[in-house]
Amino acid sequence: IIDEIKSIESLNKILVDKPFGAAGEVYQFEISKSKDPQFGDYYDIFMSEGNKVSPDLFTKQLSDKNNELMKTLFLKLTSQSSDATQLKLLKKYTDYRSFMNYDIKITNSRGQVFYFSKINKEKSGGETQTPFYVIIAASFEEIVQDEYDEKSSGCIVILDEAFNNMDESHIDSMMEYFQSLRIQPIIAVPSQRARSIMPYVSSTIALVKSGDRILPRSLLKA
């Protein structure tokens, strides 16, 4: 959990310096304890200052209530049952993400603040997709930045039906954002989306189906 928080802090440093779009939106991950009490209570135990430095993490310095919680947790983790329900429970309790709640805070240039957990229920597809593409791009920018001058960094990210819910204005803003980073995206889109993306890329290759074959065709900019 501590490593996860450090990773998010590092990502947020990149995001805060890379506002998105004409509204100057800054995206920031926020982490808190799980809203589910069966996990949130454990988060409080794990992250309390005393327990982070105690050599005997779960048997000393705990209140009676928390001691009982930890005993319950260990019983769940050490159960000898191998049925599907127990295995599913074990997977849930050994995944650190279960103990945390994630949200994305969006602040525009006018100081207005929105949370993704809310707009995800109220806004259009393009507006709900945008934070994911921004954060994915910034995440790979972080990887390149961390390994800069240490070794050659490279990766390919495959996004199925990229920008499928975005209109042209959102796509334009997204491509401008990509250009502001030090990453080199490879984007595969249906032909109807290509017109919006082509002005922002250096190379465009059309894949033409002919019978059972796929033929690549390089397209030159007008």
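Modeller: A residue is called buried when its relative accessible area is under 20%, exposed when it is over 50%, and partly exposed in between, with a 1.4 Å probe and only protein chains considered. The model is a predicted one, in which local features need pLDDT of at least 70 and side-chain atom pairs count only at pLDDT 80 or more, while totals for chains, interfaces and linings use all residues. Residues are numbered from 1 along each chain as its sequence is written, and side-chain values use heavy atoms, with hydrogens and water left out.

Helices (H or I, at least four residues) and strands (E, at least two) are DSSP runs, numbered from the N terminus. The end C-alpha atoms of α4 are 20 Å apart, in agreement with the 20 Å that its 14 residues should span at 1.5 Å a residue. The expected span is 1.5 Å times one less than the number of residues in the helix.

Within α4, the buried residues are L69, M70 and L73. These three lie on the same side of α4, because they cover an arc of only 95 degrees around the axis. The arc is that of the directions from the helix axis to the C-beta atoms. The face of α4 turned away from this buried side carries D64 and L75, which are exposed.

About one helical turn separates E68 from K71, because they are three residues apart in α4. Both ends of the pair are partly exposed: E68 has a relative accessible area of 46%, and K71 has 45%.

D83 is partly exposed, at 39% relative accessibility. Its side chain reaches the backbone nitrogen of Q86 at 2.8 Å. A polar contact is a pair of N or O atoms within 3.5 Å; within protein, one atom must be able to donate a hydrogen and the other to accept it, and residues adjacent in sequence count only if both atoms are side-chain atoms.

The buried residues of α1 are E4, I8, L11, N12, I14 and L15. An arc of only 155 degrees around the axis contains them, which puts them on the same side of α1. The opposite face of α1, turned away from the buried side, carries the exposed residues D3, K6 and K13.

The whole protein has nine helices and five strands. From the N terminus on, these elements run α-β-α-α-α-α-β-β-α-α-α-α-β-β. Of its 222 residues, 30% count as buried.

The count of salt bridges comes to four. One of them joins R97 and D95 at 2.9 Å, N to O; R97 is partly exposed at 48% relative accessibility, and D95 is partly exposed at 22%. Another is formed by R182 and E141, whose closest N and O atoms are 3.6 Å apart. R182 lies in the loop between α8 (168–179) and α9 (191–197) and E141 in helix α7 (residues 125–146), so this pair ties together parts that are 41 residues apart in sequence. R182 is partly exposed, with a relative accessible area of 42%, whereas E141 is buried at 5%. The side chain of E141 also reaches the backbone nitrogen of R182, at 2.7 Å.

The loop between α8 and α9 also contains V189, which is partly exposed with a relative accessible area of 26%. The C-alpha atoms of V189 and A206 are separated by 10.0 Å, although these residues are 17 apart along the chain.

Definitions and conventions: A salt bridge is a side-chain nitrogen of Lys or Arg within 4 Å of a carboxyl oxygen of Asp or Glu.
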